[in-house]
Amino acid sequence: MTRSLFLGGVLSALVLLAALLSFIWTPYDHTALNIPAKLQAPNAEHWLGTDHFGRDILSMIMVGARTSIAVALVAVGIGMGLGVPLGLAAAAKRGSWLDEGIMRANDLVFAFPSLVIAILITAILGAGAINAIIAIGIFNIPVFARVTRGAALSLWQREFILAARVAGKGSARISAEHILPNVANLLIVQGTIQFSLGILAEAGLSYVGLGAQPPVPSWGRMLADAQTMVSLAPHMALVPGCAIILTVLGLNLMGDGLRDWLDPKLQGGRELSCMM
């Protein structure tokens with residue numbers, strides 16, 4: 001196990017633990033207002049301080065982790081669930097109208113900044129976590145489609161695929177039984193990357209008021225609330241900002257570690273460098 005995989009796994013596990021723990025316990029009610037205790041710096045009673053309404057920031061961070069993970073996880077699931085079959089179909093019918101149609105549709109989506117179009121979609125559909133999931137999920141579809149197609153194309157020329165075709169298996173069956181298992185490692189790594197990008201996208205949508213709505217805490221909206229309070233209570237911006245940075249860093253490190261661990265070519269290169 002590489003160091004990046006270990007460190008990324010630890011950071012990701014801490015965030016996941018905080019999110020799961022928030023279902024059964026938080027230091028304070030994250031919706032409770034306590035105006036006399038507003039803008040307190042971190043102290044023994046409120047470990048990460050309080051916001052401008054006197055709410056406990058640690059409790060809000062824990063519940064906000066739950067929100068970010070849920071939105072990003074479902075969005076990645078949408079992207080993978082629709083993008084992978086499209087990529088497999090495009091690779092199986094390489095050069096056909098189906099392949100061209102899928103790839104040109106992907107190019108059309110990639111032609112626009114993803115966050116800007118996500119803001120447009122949520123502005124049309126309305127603010128809320130569900131619409132944020134839809135908007136983020138839409139932009140995960142072409143990513144997984146393109147990655148799957150690229151990996152599958154190289155496999156269609158392999159001997160074991162030719163043997164399966166000689167055995168009478170159709171394209172759909174070959175894709176499900178032979179192609180998909182061989183590209184699963186790559187999809188897992190891409191999934192961790194898209195998961196971190198999904199958390200960033202959710203924070204961005206919440207920052208402009210189009211993500212999860214009050215009273216549900218969100219790291220992005222916590223940053224938006226803190227932007228006018230930085231001089232009075234810098235911890236209001238530092239805490240959710242660090243939460244986003246550490247979560248994305250952990251997921252990216254875990255993705256890099258998984259790539260090194262699962263890719264036999266990289267493993268071979270490491271073994272050769274050790275021998276030298």
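**A helical chain and its nonpolar cores**

Ala-132 is placed in helix α5, where a helix is a DSSP run of H or I with at least four residues, a strand is a run of E with at least two, and both are numbered from the N terminus. The structure is a predicted model, in which local features need pLDDT of at least 70 and side-chain atom pairs count only at pLDDT 80 or more, while totals for chains, interfaces and linings use all residues. Residues are numbered from 1 along each chain as its sequence is written, and side-chain values use heavy atoms, with hydrogens and water left out.

Ala-132 is buried, with a relative accessible area of 1%; buried means under 20% relative accessible area, exposed over 50%, and partly exposed in between, for a 1.4 Å probe and protein chains only. Contact is defined as heavy atoms within 4.5 Å. When neighbours within four places in sequence are set aside, Ala-132 is in contact with Thr-122, Leu-205, Leu-210 and Gly-211.

The chain as a whole contains 10 helices and 0 strands, and its pattern along the sequence reads α-α-α-α-α-α-α-α-α-α. The C-alpha trace spans about 75 × 55 × 30 Å along its principal axes. Of the 276 residues in the chain, 45% are buried. Among contacts in the chain with a separation of 6 or more, 69% are between residues 24 or more positions apart.

In soluble globular proteins, nonpolar side chains tend to be buried together. A nonpolar core is here a set of buried Ala, Val, Leu, Ile, Met, Phe, Trp, Tyr and Cys residues joined through side-chain atoms within 4.5 Å. The largest such core has 38 residues, of which Ile-61, Trp-156, Ile-179, Phe-195 and Trp-219 touch the most other members. At least two residues of this core are supplied by each of α1, α2, α5 (129-155), α6 (159-166), α7, α8 and α9 (235-262). Helix α2 provides the largest share, 10 residues. Apart from this core lies another, of 12 residues, which includes Val-71, Ile-121, Ile-136 and Leu-205.

Leaving aside neighbours within four places in sequence, Phe-195 is in contact with Ile-69, Ala-72, Leu-73, Val-76 and Leu-251. Leu-200 lies in helix α7 and is partly exposed, with a relative accessible area of 41%. Beyond four places in sequence, Leu-200 is in contact with Ile-244 and Val-248. The C-alpha atoms of Leu-200 and Ser-154 are separated by 32 Å, the two residues being 46 residues apart along the chain.

Aromatic rings were also examined. Rings of Phe, Tyr and Trp (its six-membered ring) pair if their centres lie within 6.5 Å, and planes under 30 degrees apart count as stacked, over 60 as edge-to-face and the rest as tilted; a search of the whole structure finds 0 aromatic pairs. Arg-66, however, lies over the face of Phe-23, at 4.5 Å from the ring centre. A charge sits over a ring if NZ of Lys or CZ of Arg is within 6 Å of the ring centre and within 35 degrees of the ring normal.

A cavity is a set of points, on a 1 Å grid over the protein atoms alone, where a 1.4 Å probe fits but cannot get out, and its lining residues have an atom within 4 Å of a point. Grid points are joined across faces, edges and corners, and a volume is the space filled by probe spheres set on the points. The whole structure holds 1 cavity of 30 Å³ or more, and the largest cavity has a volume of about 60 Å³. Its lining consists of Asp-51, His-52, Arg-55, Ile-57, Met-60, Met-222, Asp-225 and Met-236, with at least two residues supplied by each of α2 and α8. His-52 lies in the loop between α1 and α2 and is buried, with a relative accessible area of 18%. Not counting residues up to four places away in sequence, His-52 touches Lys-38, Leu-39, Asp-225, Met-229 and Met-236.

Two backbone features fall in loops. Leu-39, in the loop between α1 (3-21) and α2 (57-92), has a positive phi of about 60° although it is not a glycine. Leu-39 is partly exposed, with a relative accessible area of 26%. The peptide bond from Pro-214 to Pro-215 is cis, with omega near 10°, and Pro-215 is found in the loop between α7 (171-207) and α8 (219-226).

Definitions and conventions: On a 1 Å grid over the protein atoms alone, a cavity is a set of points where a 1.4 Å probe fits but cannot get out, and a pocket is an open set with protein on both sides within 12 Å along at least five of seven lines; lining residues have an atom within 4 Å of a point.
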